[in-house]
Amino acid sequence: MESNYYWDIAAKSLEGKATPAEEKALRHWLAQDPAHEAQYKLQQQLWHLTTPATAPAPDTDAAWQKIRSRLQQSSQVKEANVIPLYRQVLRVAASVAILIGLAWVIKLYFFPFYGMQVVASGNKQITVILPDSSRVWLNKESTLAYDPDFDGRQREVYLKGEAFFEVTRNPQHPFVIETEATKTQVLGTSFNLRAYPGAEVELAVATGRVAFTAINGAARVIVTPGYAATLNTQQNSIRKYSLTDKNAWAWKTHELQFNGEPLQEVLAVLERYYHVKLELQSPAVGNCRFTGTFRGDNLQEVLQVLEVSLQVRSTKQNDHTYILAGEGCR
């Protein structure tokens with residue numbers, strides 16, 4: 001029995017499972033008898049010869065990494081192959097939107113009056129009869145564009161330059177004039193609209209009521225006969241005032257009227273009418289007042305009248321500039 005006890009300890013020692021106390025007892029037992037020692041060495045040799053080779057421990061972490069990597073690759077391949085229908089619809093919609101936007105830009109910058117009737121006055125004054133029988137007098141260097149059918153909800157025209165309108169009344173279809181900076185809306189009236197590029201937009205009403213609105217901003221006024229309005233394009237503001245100038249649309253009537261206006265104001269009207277520059281050599285002369293009417297007269301005839309009336313003399317500097325000098329009125 002005692003011998004079996006120590007051989008059990010020897011077996012545990014060979015397996016590496018013996019406790020320190022058991023190891024100590026085993027060594028003491030082997031030292032007591034050389035036969036114990038010889039038999040133990042024999043068992044030790046058999047143990048090493050018969051013990052199966054230790055299988056390498058599986059590297060589970062590495063295996064999981066490989067599996068996870070393959071799952072991710074498989075998922076990516078599936079996502080790349082499947083394109084949802086709504087994405088294709090969005091792509092088509094985006095392409096259509098881009099094409100529409102591109103067409104709008106091309107029309108705006110290269111064909112702003114596409115589909116409209118366009119009339120340009122050039123270096124003369126002309127009269128245009130619109131589809132609703134409204135009449136438009138175009139001043140020089142002006143352009144009018146309008147729908148040739150006037151079949152929309154509004155009768156819309158576009159003006160660049162200056163024009164006098166006599167609009168046929170039609171409450172069901174308002175008449176709208178658009179310029180670069182303003183929108184003017186009427187039902188039936190007559191008025192003058194001046195909208196040359198780079199200058200203030202001016203409205204003067206002869207009959208009826210006119211709504212005058214800035215395209216940018218909220219500025220808006222109602223203008224009635226005897227009043228005018230001006231849009232300051234820099235400040236985008238509208239000023240309404242009493243119309244004292246009898247020559248607001250003299251370019252249409254070819255008649256200039258002055259009733260005691262200072263020469264400085266007379267020259268401003270003449271500059272606008274004849275498209276020239278009239279300068280005073282002495283500012284004091286500008287206070288002289290002038291009364292008179294011109295009907296279809298040319299500039300030279302007008303200047304001769306001023307020379308006789310106000311004791312001034314005019315000198316032509318170039319094709320567009322005249323200087324008025326003299327002592328003037330006293």
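User: What counts as a helix or a strand here?

Analyst: Helices (H or I, at least four residues) and strands (E, at least two) are DSSP runs, numbered from the N terminus. This is a predicted model, where local features need pLDDT of at least 70, side-chain atom pairs count only at pLDDT 80 or more, and totals for chains, interfaces and linings use all residues. Residues are numbered from 1 along each chain as its sequence is written, and side-chain values use heavy atoms, without hydrogens and water.

User: How many Å should α8 span?

Analyst: The expected span is 1.5 Å times one less than the number of residues. Helix α8 (residues 299-310) has 12 residues, so it should span 16 Å; its end C-alpha atoms are 16 Å apart, which agrees.

User: Which residues of α8 are buried?

Analyst: Buried means under 20% relative accessible area, exposed over 50%, partly exposed in between (1.4 Å probe, protein chains only). In α8, these are L299, V302, L303, L306 and L310. They cover an arc of only 95 degrees around the axis, so they lie on the same side of α8. The arc is taken from the directions from the helix axis to the C-beta atoms.

User: What do the buried residues of α8 pack against?

Analyst: Contact means heavy atoms within 4.5 Å. The partners are α7 (263-274), β15 (277-280), β16 (289-295), β17 (313-318) and β18 (321-325).

User: Is E22 buried or exposed?

Analyst: E22 counts as buried because its relative accessibility is 19%. E22 sits in helix α2 (residues 20-32).
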